[in-house]
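This briefing goes through one protein structure topic by topic. Look at the sequence and the model first, then read the points below.

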Protein chains: 2
Amino acid sequence: VALSNARNEIVAIYDQALDVRSGPTACLKEIITLIRLGLRETSINPQQLVAIGMGVPGPVEYSSGLLIAPPIMPAWGGYAVRDHLVEEFGTQVFIDNEVNLMALGEMWSSEAIMNNALFVKVGTGIGSGILCNGAIYRGADGAAGDIGHVCADEHGPRCSCGNTGCLEALASGAAIAAQAQEAAAAGKSELLAQLCREKGSLTLADVGKAVKEGDQEATRIIKESGQRVGQVLAGLVNFFNPERIMIGGSITQTGYLFLAAVRHAIYNRSLPLSTRHLAIEYSQLEGQAGVSGAVILAWQELFSNPYATAHL
Amino acid sequence: VALSNARNEIVAIYDQALDVRSGPTACLKEIITLIRLGLRETSINPQQLVAIGMGVPGPVEYSSGLLIAPPIMPAWGGYAVRDHLVEEFGTQVFIDNEVNLMALGEMWSSEAIMNNALFVKVGTGIGSGILCNGAIYRGADGAAGDIGHVCADEHGPRCSCGNTGCLEALASGAAIAAQAQEAAAAGKSELLAQLCREKGSLTLADVGKAVKEGDQEATRIIKESGQRVGQVLAGLVNFFNPERIMIGGSITQTGYLFLAAVRHAIYNRSLPLSTRHLAIEYSQLEGQAGVSGAVILAWQELFSNPYATAHL
């Protein structure tokens, strides 16, 4: 939760993990508490709050502000998140997919031109946000950018969605952690096995730590994950011809090996014309891309349509 | 070559095959002859010609009207096609990739909503045109939509671009004809072998004919081609979430088997949210989508920028 003033400066920010599986009522209660804390700590009168922008990790029907069949947060499907916050604060509320907001936040803080660009988040899952002609592109149903279930290997492992070889099943943070645990169990890496014994299970952060200590097996897993992501992005570069791809999410904490593997796969497979001016970088905002984008979205929407209030 | 009046009605149309490999000078000479023929036959004074729209089968840098490294027509790379026509007719000329124009033509003749849509041309090669928020989307370098070299099978055959398993090497008209010839040579189809003996080699049209006569091998080849195209489009549906996919090019003449295979692959692999309202159809304009789009482009550009003449 971040509070911004009208100069687009963040005046308060709180980083707190929420378990979306606890459902919308419990999560929104904590979010509301943090917003009220921010208002108190900055001595802002709640009536001065002009708008709220919010990102959620699932597909959003933007016009209604409803989450549509969100895979990792089923209890939120159809829940009126917007109405809940409108009622609490009596202000305008705009809800979008979190990766869309990360793309917007990155664009607005970047000195480079990012009119047609992708923001790819590789965390527990994999998703992307699309900027098209300088604005968030949401597609016909608000589902655009959902690259986690693009097929990356016909003969790959089964995914939670029911298909096989989805990018998320091969290269996400969850897939990386699972592969590292298998490697530890198979005796392929002493370091991973040791970390696994100490903690009971492995996370993406553990694999990143092993990479930094030069562990061969961890290095191979991260590199293959980057190649898989790069292979899917290579096709999207041919199709969408963006001028910039930003990569964010917890994968960036494992170091630059992943980025190098992504770049290698894209330059190897995409058409030369499409990569001529293409920049592929890690997000410059680290964990703040999402809240930065939420602030921009709220300001843009507030001043894009004089009749917007009628929708509430 | 088609001539349109200001009511967007085609008043003359000429369908003549040109070999782009004969180079820009020879091709443009024939094109100019056809335009002059059309003007004579419709008794239109050449001075009434207000603009020319033209589609070419390669990537175009739209601002300059230059073809950039076009794979199947290398002699056209960097050739000033626009200047050539401007000099000849003293009018404004707008050049774009042909599949972009097909998408535009289809949108303007369709009664369905096509704000975010793809036009996929499967002929000798494979390409696509993208409509985004109701306009042609060209990407950062004018290369958007180039799906012919997206990887459809890591272990697939080598492509002319140097990579392996490109969609074009697996599922284009040229690939289909080559597969049919192999099948004929291997004795897998009596009908294909007979057609091959009669004509020396096979074309996509021959394979279509064999499908209509119930030939099993031809049916398998077309079906597999449709599955490959559908598999790549399934990923793009997740990414771009279009409301409509139109398929055109000579593949449509082989019948509805190809379309059924494309649909099957997309509905099987794309996310349910993205296919909820998705229509997948053959082009309704048959061979006229390109010229229809060229006319729309010319009118749009003519009245989009009062300073456009300054660019010529």
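The contact between the two chains draws 45 residues from chain A and 45 residues from chain B. The model is a predicted one. The points below begin with that contact, then turn to the cavities, the nonpolar cores and some single sites.

**Contact between the chains**

- Together, chain A and chain B bury about 3700 Å².
- Carbon and sulfur atoms account for 53% of that buried area.
- On the side of chain A, the residues that lose the most area to chain B are A:Asp141, A:Phe239 and A:Arg269.
- These three residues together make up 22% of what the chain A side buries.

**Cavities**

- Rolling a probe the size of a water molecule over the atoms shows where empty space is left.
- Searching the whole structure gives 3 cavities of 30 Å³ or more.
- The volume of the largest cavity is about 370 Å³.
- Its lining consists of 20 residues, and those closest to the centre are A:Cys151, A:Ala152, B:Val150, B:Cys151 and B:Ala152.
- Two elements give two or more residues each to this lining, namely α8 (216-240) of chain A and α8 (216-240) of chain B.
- By type, the lining of the largest cavity has 10 nonpolar, 6 polar and 4 charged residues.

**Nonpolar cores**

- In soluble globular proteins, nonpolar side chains tend to be buried together.
- The largest nonpolar core here contains 96 residues.
- The residues with the most contacts inside this core are A:Leu233, A:Ile245 and A:Ile247, along with B:Leu233, B:Ile245 and B:Ile247.
- Beyond its neighbours within four places in sequence, B:Ile247 is in contact with several residues, including B:Val120, B:Phe258, B:Leu259, B:Val262 and B:Ile280.

- In chain A, α7 covers residues 204-212, and its buried residues are A:Leu204, A:Asp206, A:Val207, A:Gly208, A:Ala210 and A:Val211.
- The cover over these buried residues includes α5 (173-185), α6 (190-199), α8 and α9 (257-269) of chain A.
- After α7 of chain A comes A:Gly214, which has a positive phi near 85 degrees.
- In chain B, α7 also covers residues 204-212, with B:Leu204, B:Asp206, B:Val207, B:Gly208, B:Ala210 and B:Val211 buried.
- The buried residues of α7 in chain B pack against α5 (173-185), α6 (190-199), α8 and α9 (257-269) of chain B.
- Just after this helix, B:Gly214 has a positive phi of about 85 degrees.

**Two buried sites in chain A**

- A:Gly65 sits in the loop that joins β4 (60-61) to β5 (66-67) of chain A.
- With a relative accessible area of 1%, A:Gly65 counts as buried, because the cut-off is under 20%.
- Leaving out residues up to four places away in sequence, A:Gly65 touches A:Val60, A:Arg82 and A:Ile95.
- A:Gly65 and A:Phe94 are 29 residues apart along the chain, and their C-alpha atoms are separated by 7.0 Å.
- A:Glu217 is part of helix α8 of chain A.
- A:Glu217 has a relative accessible area of 12%, so this residue also falls in the buried class, which is under 20%.
- Neighbours within four places aside, A:Glu217 is in contact with A:Ala183, A:Lys188, A:Ser189 and A:Leu192.

Definitions and conventions: Residues numbered from 1 in each chain as written. Chains lettered and ligands numbered in written order. Predicted model: local features only at pLDDT ≥ 70, side-chain atom pairs only at ≥ 80, totals over all residues. Heavy atoms only, no water. 1 Å grid on protein atoms, 1.4 Å probe; cavity = no way out; pocket = protein on both sides within 12 Å on 5 of 7 lines; lining within 4 Å. Points joined across faces, edges and corners; volume = space filled by probe spheres on them. Helix = DSSP H or I, 4+ residues; strand = E, 2+ residues; numbered from the N terminus. Nonpolar A, V, L, I, M, F, W, Y, C, P; charged D, E, K, R; others polar. Core = buried A, V, L, I, M, F, W, Y, C linked by side-chain atoms within 4.5 Å. Buried < 20%, exposed > 50% of the residue type's maximum accessible area, 1.4 Å probe, protein only. Contact = heavy atoms within 4.5 Å. Buried area = accessible area lost by both parts, 1.4 Å probe.
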